[in-house]
Amino acid sequence: MLKLKHSSGNTLQVLNTYKKKLNHLTMESNRLKKEIAQREELLSKIDEETESVEKERVKAESVNVNLRRQLQDYIVPEVIDYVQVRADLYDLTKTLKTWERKVDIAQMELQKYQKQWMLMREHSRSVNPWATMEQHAAL
């Protein structure tokens with residue numbers, strides 16, 4: 001009986017040790033499952049980002065090809081043409097300023113003549129305001 005008790009005590013000790021190991025391994029398994037899930041989620045995000053970046057790269061490459069084609073097709077104008085255009089621009093600017101001054105002068109003259117006309121009308125009315133009434137009464 002003593003031997004049986006001793007054997008049963010040893011068995012309980014071994015059982016408890018295995019239970020602790022099992023509990024520890026179960027916790028470790030759960031932790032690893034969570035870590036795997038997190039890494040899979042991170043991997044899926046990285047895959048999505050990779051696809052997005054690849055699409056952007058394709059677009060950028062297309063734009064780059066178009067720009068390179070335009071750059072190859074570009075013909076630089078002659079310097080003399082540029083100088084001529086600048087000279088024409090200068091002449092046109094000068095002519096524009098001249099015409100703007102002429103318009104300003106014409107507007108000032110118009111205002112002056114309008115003022116003189118208004119003064120003449122006012123003067124003619126103030127000299128004989130009844131003349132028009134007498135003419136109408138005689139009729």
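In this briefing, Lys and Arg count as positive and Asp and Glu as negative, while His and the chain ends are not counted. The place of a charge is taken as NZ of Lys, CZ of Arg, CG of Asp or CD of Glu. On that basis the chain has 24 positive and 21 negative side chains, and the centres of the two sets lie 14 Å apart. This is a predicted model, in which local features need pLDDT of at least 70 and side-chain atom pairs count only at pLDDT 80 or more, while totals for chains, interfaces and linings use all residues. Residues are numbered from 1 along each chain as its sequence is written, and side-chain values use heavy atoms, with hydrogens and water left out.

**Elements and overall form**

- The chain holds 3 helices and 0 strands, where helices (H or I, at least four residues) and strands (E, at least two) are DSSP runs numbered from the N terminus.
- Read from the N terminus, the order of elements is α-α-α.
- The radius of gyration of the chain is 52 Å, whereas a compact globule of 139 residues would have one near 14 Å; the value is taken over C-alpha atoms, and the globule rule is 2.2 Å times the number of residues to the power 0.38.
- Along the principal axes, the C-alpha atoms fill a box of roughly 160 × 65 × 25 Å.

**Confidence**

- The average pLDDT of the chain is 90, and 91% of the residues score at least 70; pLDDT is the predictor's confidence in each residue, from 0 to 100.
- Confidence is highest in helix α1 (residues 2–73), at a mean of 94, and lowest in helix α3 (residues 131–138), at 55.
- Where pLDDT is low, the predicted coordinates should not be read in detail.

**Surface**

- Of the 139 residues in the chain, 0% are buried; buried means under 20% relative accessible area, exposed over 50%, and partly exposed in between (1.4 Å probe, protein chains only).
- The chain exposes about 14100 Å², of which carbon and sulfur atoms supply 61%.

**Selected residues**

- R69 lies in helix α1 and counts as partly exposed because its relative accessibility is 44%.
- Between R69 and Y18 there are 51 residues in sequence and 74 Å in space, C-alpha to C-alpha.
- M108 belongs to helix α2 and is exposed, because its relative accessible area is 54%.
- M108 and L2 are 106 residues apart along the chain, and their C-alpha atoms are separated by 134 Å.
- S124 is placed in helix α2 (residues 79–127) and is partly exposed, at 46% relative accessibility.
- The side chain of S124 reaches the backbone oxygen of R121 at 2.9 Å.

Technical notes:
Areas by Shrake-Rupley, 256 points an atom, 1.4 Å probe, with all protein chains shown as cover. Polar contact = N/O pair within 3.5 Å; in protein donor to acceptor, adjacent residues only side chain to side chain.
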